[in-house]
Amino acid sequence: MTYHPKSDFMRVMMTRGFLADCTDYQALDEACLNGVVPGYIGFDATAKSLHVGSLIQIMMLRWLQKCGGKPIVLMGGGTTKIGDPSFRADERPLLTDAQIDDNIAGIKRAFAPYVSFGDGPTDAIMVNNAEWLDSLNYIGFLRDIGRHFSVNRMLSFESVKSRLDREQSLSFLEFNYMILQAYDFLELNRRYGCLVQMGGSDQWGNIVNGVDLTRRVIDHQVFGLTSPLLTTSDGKKMGKSQNGAVWLNADMYSPYEFWQFWRNTTDADVGRFLKLYTELPLEDCDRLRALQGSEINAAKIILANAVTTLLHGPEAAQAAEATAREVFEKGGIGDDLPTVTIAADEMAEGLGIVQLFVRAGLAASGKDAKRLISEGGARINDEIITDAGLRLGAGDLAEPLKLTAGKKRHALVTLG
């Protein structure tokens, strides 16, 4: 793609690696030059926090605002009741209204560090699509909106086709999701003048549906822009660590663990992640990416500090770096390490080391912990453990114990 953008927003999207596809590069670029462009991304409320996999979208909203646009954060209070079937093998479990509201309350906390909300022309707003979806008249909706959708075309979208090709059930409820997402774009254009929907490239079909629907129903030109679906260089899905999701909320994933996740970035991903997840100038990102050998570790610390500062603030980033230095360089026990507290009555008959590693989040299962021990990757207070049958008593926890898995993952165990 040889298009050279004129607007700040499109230039950032293209030069920093955010752009996978766009319905009309030139027209969207012109719109960004000619006034405030409201743009939205939708987030379904399937958990109490978003995870790192959503951070690329949050950064897109941040850049939109920094470049003079207006971010619209759309909470999927309505669409969560159905669940997005895109590239899923099975149907999502249905949540109650109370669960969805609880999840939305938790998710909201992640946005405040990235975009500023208010009543100004470029201030972000947060909207819940339950406002219009919950009150839809089914027959009226089918007549006014459903008639614009071709089932033949819907079946051709890769997200649906892949499910059907594997002969996995796709419920009629889920099949409606793409119509409702398209309707969200139409409503946001009507209510807020929204001009662009952004999302991951797996949302391309849903986004194009919204662009087409808005043109058909009210003859307004709107745009779709997608980001690449990110995997790490070793093929893992972005947002997952060895022990599960890397949550954005501090009460679900501590700032230290968050910092450590970025510090553990593989060498091949450092340059790309600096461009996507920080605001460092491009020339600095390229310079840091080119570092070799042990020097690349300095770039990883810069990455970890910058990303953690954006989400949790500079003090949390500094504390995490100080803890890491204490643990790695001096062999000490850092104050900020993830901590698991064991009740005294649990220690009456002793607690197995395998179970302790699982409880501390350093192993996904007992089998995983045993494998870690057999491979020499498990340590207590920096001493290698060789006996998977080892049991600890209350006396062993008179002082906090530092558990280590591999070279970089640590936790404290204390007696409560």
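1. Arg109 is partly exposed because its relative accessibility is 45%; the class spans the range between buried, under 20% relative accessible area, and exposed, over 50% (1.4 Å probe, protein chains only). Its side chain forms a salt bridge with that of Asp251, at 3.3 Å from N to O; the term requires a side-chain nitrogen of Lys or Arg within 4 Å of a carboxyl oxygen of Asp or Glu. Arg109 belongs to the loop between helix H4 (97–108) and S4, and Asp251 to the loop between strand S8 (244–245) and H12, so the pair ties together parts 142 residues apart in sequence. Asp251 is exposed, at 57%.

2. The model is a predicted one, in which local features need pLDDT of at least 70 and side-chain atom pairs count only at pLDDT 80 or more, while totals for chains, interfaces and linings use all residues. Residues are numbered from 1 along each chain as its sequence is written, and side-chain values use heavy atoms, with hydrogens and water left out.

3. The whole structure contains 20 salt bridges. One of them joins the side chains of Arg153 and Asp212 (3.2 Å, N to O). Arg153 lies in helix H7 (residues 151–156) and Asp212 in helix H11 (residues 204–218), so this pair links parts 59 residues apart in sequence. Helices (H or I, at least four residues) and strands (E, at least two) are DSSP runs, numbered from the N terminus. Arg153 is partly exposed at 36%, whereas Asp212 is buried at 18%.

4. Within helix H10 (residues 177–192), Glu187 and Arg191 are four residues apart, about one turn of the helix. Their closest N and O atoms are 2.7 Å apart in a salt bridge. Glu187 is buried at 7% relative accessibility; Arg191 is partly exposed at 40%. Salt bridges with shared partners join Glu131, Glu187, Arg190 and Arg191 into one network.

5. Helix H12 (residues 255–263) is largely enclosed by the rest of the structure, because seven of its nine residues are buried. Among them are Trp259 and Trp262. Trp262, together with Leu225 and Tyr277, touches the most other members of the largest nonpolar core, which has 68 residues. Such a core is a set of buried Ala, Val, Leu, Ile, Met, Phe, Trp, Tyr and Cys residues joined through side-chain atoms within 4.5 Å.

6. Six strands make up an open sheet of mixed pairing, ordered S1-S6-S5-S2-S3-S4; strands pair if DSSP finds at least two bridges between them. Strand S1 (21–22) and strand S4 (125–128) are the edge strands.
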